[in-house]
Amino acid sequence: MNFFDFHHHKKNNSCGIYNLNWKSIPTNSPYSIGIHPKDIDAEHIDSQFDWLRSNITENCFAIGECGLDSFVDIDLKIQEEVFLKQIKLANEIKKPIIIHCVRKFYEVISFKKYAEQPMIIHGFNKKESIAEDLLKNNFYLSFGKAVLYNLSLQNTLKTIPLDKIFLETDNDNFNIEELYVKVSELKGISLENLNKQIIENLETIKNG
């Protein structure tokens, strides 16, 4: 059984969505492309968007990762400007948006009103109350390696509707099948049904 890796950084992994790094070349498998908060060049934003637009091919699955990060040195207002421009681009080309968020969840939620396409928080590992607020605003949540050992996150995941979940390896080096096995146990469903549900979720966000 192939297990879909919603967000990863491994070029040789064709069963998932490869996160295209800044200034990289698109792959022949599904990828996402965006301007990460850490890569924003405040003096050359227009040229960054030229790169972004010119590298959107038929294999582009999503815009991202993009979003807001309280730990990077880029002014928050500039981060918000670049985030909003990417939301509008996603609306224009009808692609879902993969979001990077560090300690700015309520600010990210405030941008949901601008999005016409599905928005997915990648690498979600925060408390249940934040998950609830994101779900109320129709976000999807993608979970990674932390689910394997974080008991609080495991309890949160148990409460998340199956039709709002994705699973990913991100930058971590582990077999994503481990994550699928753990989540199937936590949710009390078979591996086959979990896998089927994630594929259905992909179709849902792909079709807006």
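Me: How many salt bridges does the count come to?
Reply: The model is a predicted one. A pair qualifies when a side-chain nitrogen of Lys or Arg lies within 4 Å of a carboxyl oxygen of Asp or Glu. By this rule, the number of salt bridges is 5.

Me: Which of the classes, exposed or partly exposed, applies to D46, and which to K85?
Reply: Exposed requires over 50% relative accessible area, and buried requires under 20%. D46 has 57% and therefore counts as exposed. K85 has 32%, so its class is partly exposed.

Me: About how many helical turns separate D133 and K136?
Reply: The side chains of D133 and K136 meet in a salt bridge of 3.9 Å, N to O. D133 is partly exposed at 22% relative accessible area, whereas K136 is exposed at 67%. Both residues lie in helix α4 (residues 128-136), and because they are 3 residues apart, their separation is about one helical turn.

Me: Which residue's side chain is joined to that of N201 by a polar contact?
Reply: N201 lies in helix α7 (residues 191-206). N201 is buried, because its relative accessible area is 2%, under the 20% cut-off. A polar contact of 2.8 Å joins its side chain to that of Q197.

Me: Which residues does N201 touch, not counting those up to four places away in sequence?
Reply: Contact here requires heavy atoms within 4.5 Å. With residues up to four places away in sequence set aside, N201 touches L162, D163, K164, I165 and F166.

Me: How far apart in space are S29 and C15, C-alpha to C-alpha?
Reply: S29 is found in the loop between β2 (16-20) and β3 (31-33), and it is buried at 13% relative accessible area. Apart from neighbours within four places in sequence, S29 is in contact with N13, S14 and N59. S29 and C15 are 14 residues apart in sequence, and their C-alpha to C-alpha distance is 8.2 Å.

Me: What is the relative accessible area of Q86?
Reply: Q86 lies in helix α2. Leaving aside neighbours within four places in sequence, its contacts are G34, I35, F49, L52, I63 and C66. Q86 is buried, and its relative accessible area is 0%.

Me: Which strand gives the most to the lining of the largest pocket?
Reply: The largest pocket holds about 320 Å³ of space. Of its 20 lining residues, the closest to the centre are H122, G123, F124, N125 and D170. The lining divides into 8 nonpolar, 6 polar and 6 charged residues. With 4 residues, the element that gives the most to this lining is strand β5 (residues 97-102).

Terms used:
Residues numbered from 1 in each chain as written. Predicted model: local features only at pLDDT ≥ 70, side-chain atom pairs only at ≥ 80, totals over all residues. Heavy atoms only, no water. 1 Å grid on protein atoms, 1.4 Å probe; cavity = no way out; pocket = protein on both sides within 12 Å on 5 of 7 lines; lining within 4 Å. Points joined across faces, edges and corners; volume = space filled by probe spheres on them. Helix = DSSP H or I, 4+ residues; strand = E, 2+ residues; numbered from the N terminus. Nonpolar A, V, L, I, M, F, W, Y, C, P; charged D, E, K, R; others polar. Buried < 20%, exposed > 50% of the residue type's maximum accessible area, 1.4 Å probe, protein only. Polar contact = N/O pair within 3.5 Å; in protein donor to acceptor, adjacent residues only side chain to side chain.
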